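Please look through the structure shown here before reading the notes below.

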Amino acid sequence: MSKTILVIGAAGFVGVPVTKQLLADGFSVRALVRNAKKARQLLGDQVEYIIGDFADKAALEKALTGVDGVNLSVPWQFEAAVVRDVTSILAAKGRKNVRVTHISGTTALPENRWYPMIDEKLKAEEVLKQSGVAYTIFRPSWFMDALALFVRDGRATIFGKQSQPYYFLSLADFARAVSKSYQTEAAVNQTCIINGPKAMLMQDALQQYCDVVHPGVKAATMPTWFGKMLAAMLKSESMKDFVKMMAYFEKSPKVSAPNGAEKIVGASTTTLQEWLKTVKK
Ligand SMILES: NC(=O)c1ccc[n+]([C@@H]2O[C@H](COP(=O)([O-])OP(=O)(O)OC[C@H]3O[C@@H](n4cnc5c(N)ncnc54)[C@H](OP(=O)(O)O)[C@@H]3O)[C@@H](O)[C@H]2O)c1
């Protein structure tokens, strides 16, 4: 019988490719979702849907019944709380062997803790490690797929002087690594640093993205103070948060050193050029 993995956040940017990869690799997938119709449209009928909020302990308990693994792909603001609730339920039921996979980030390092997202990611990592529940933590670099976030109303804008190169990786490679982690005991209690094949400046990656997906659009740079002003004018909370995040990355935060995780969960080999061939125009 195939292993069952519960995906929390299955209908999200990261959760969708992870869920699809798990299905493709023969796992049974259960998803805890708030909106079954939306999730079904994205993920189809092969997934078993449990309707509920991840802040609802009863819904979580129901979703965790009988699973072999749990993948957490939730918005960063909730990471530590969800990790705490999931691991408490598993520990209380004596099921510490259920493997929890969790997405952290390449800059999740103590020196970057001043930034709230990193503080939350480190808290989630700490809670998971201290819980005694089996885990695999992933610290991926920037996803190529996130380049779409820089394009708005036909303009491609990088906020802040982004002078640190990142090893951009495809979400599909990341999803393969998550699925692989459930196929090998070597991934148990490991933190996997996941990088793409080549370090690139954001400006260069975005221009290559635009050349293929938005021909004729030039990637421009805008100071973060201007971005904050624009977000206020447009009354856009999502843009405000995005600019805040870019102000953090403008400081070239230290990144995690590679730790050989590719030997355990496979290498992210897709280049930006290869990935661009797969992107819907
Ligand atoms: N390295 C990178 O480049 C990169 C890029 C993006 C994200 N990330 C990381 O990936 C993780 C996931 O982010 P994401 O962009 O995939 O987030 P997302 O697209 O916002 O998806 C989050 C998912 O969580 C679900 N959710 C939210 N609140 C919920 C609740 N109370 N109960 C049940 N489900 C709930 C959402 O469901 P609904 O569909 O109902 O809203 C959605 O399916 C974060 O840790 C983020 O930091 C990394």
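This is a predicted model: local features need pLDDT of at least 70, side-chain atom pairs count only at pLDDT 80 or more; totals for chains, interfaces and linings use all residues.

**Backbone at two loop residues**
- Asn189 is found in the loop between helix 6 and strand 10, the strand that covers residues 190-194, and Asn189 is exposed because 12 other C-beta atoms lie within 10 Å.
- The phi angle of Asn189 is near 60 degrees, which is a positive value in a residue other than glycine.
- Ser252 lies in the loop between helix 9 (237-250) and helix 10 (262-265), and with 13 other C-beta atoms within 10 Å it is partly exposed.
- Although Ser252 is not a glycine, its phi is positive, at about 45 degrees.

**The largest nonpolar core**
- The largest nonpolar core has 71 residues, of which Ile8, Ala31, Val70 and Leu206 touch the most other members.
- Helix 6, made up of residues 171-181, contributes the largest share of this core, namely five residues.
- If its neighbours within four places in sequence are left aside, Leu206 is in contact with Leu147, Phe150, Ala156, Ile158 and Ala219.

**Around the ligand**
- The ligand is surrounded by 23 residues, and the closest of them are Gly9, Ala11, Gly12, Phe13 and Val14.
- Sorted by class, the shell around the ligand consists of 13 nonpolar, six polar and four charged residues.

Note on methods. Residues are numbered from 1 along each chain as its sequence is written. A residue is near a molecule or strand if its C-beta atom, placed from the backbone, lies within 6 Å of it. Ala, Val, Leu, Ile, Met, Phe, Trp, Tyr, Cys and Pro count as nonpolar, Asp, Glu, Lys and Arg as charged, and the others, Gly among them, as polar. A nonpolar core is a set of buried Ala, Val, Leu, Ile, Met, Phe, Trp, Tyr and Cys residues joined through C-beta atoms within 7 Å. A residue is buried if 20 or more other C-beta atoms lie within 10 Å of its own, exposed if 12 or fewer, and partly exposed in between; C-beta atoms are placed from the backbone. Helices (H or I, at least four residues) and strands (E, at least two) are DSSP runs, numbered from the N terminus. Two residues are in contact if their C-beta atoms, placed from the backbone, lie within 7 Å.
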